[in-house]
Amino acid sequence: MSTTGLDVFDKTLQTTNIWLNEIMADHGPDRHVAWHILGAVLKALRDRLSPDLAAHLGAELPLIVRGIYYDQYRPSQMPDKTRSRDEFLARVAEGLKSIRPVDPADAAKSVFHVLARHIDLGQSAKVRDALPKEIQALWPDSVGVR
């Protein structure tokens, strides 16, 4: 039975919950925290990508997640030239400041694992390869590795 009456909404709710459950497996059973982790990492990642690549990644995201991904996006000011892991993680930490303490590196690894597992393999590789080596190191080597 459909929850919302529209298959597209039901599918995006189901997929978003799967993603949040995977993040909660790493960070505890608080859906609010998982949502903030997902948003903070996606926004830091989005801002590091060229507008074209950011749009291609956005097209791979569940409809609901796409909303948080594009929130406050300014493509004319992108990409951010963050080169180091520490600068990238500082951007993630900024997005996490309204929730309980979460290690930004652990947050990034969790979200990158979700992306590597759920988005098109080719798109995942393009996103990873567009990042500086220090930030790429946060990406899982394979889907089964965290």
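What share of the 146 residues in the protein is buried? Buried residues make up 45% of them, where buried means under 20% relative accessible area and exposed means over 50%, with a 1.4 Å probe and protein chains only.

Welcome to this structure, which is a predicted model: local features need pLDDT of at least 70, side-chain atom pairs count only at pLDDT 80 or more, and totals for chains, interfaces and linings use all residues. Residues are numbered from 1 along each chain as its sequence is written, and side-chain values use heavy atoms, without hydrogens and water.

The protein has 8 helices and 0 strands; these are DSSP runs numbered from the N terminus, with helices (H or I) of at least four residues and strands (E) of at least two. The C-alpha trace spans about 50 × 30 × 30 Å along its principal axes.

Let's look at one helix, α3. Its buried residues are L53, A54, L57 and G58. They lie on the same side of α3 because they cover an arc of only 140° around the axis, taken from the directions from the helix axis to the C-beta atoms. On the face turned away from that buried side sit the exposed residues D52 and A59. The cover over the buried residues of α3 includes the helices in this table.

| Helix | Residues |
|---|---|
| α2 | 31-48 |
| α4 | 63-70 |
| α7 | 121-129 |

Methods. Contact = heavy atoms within 4.5 Å.
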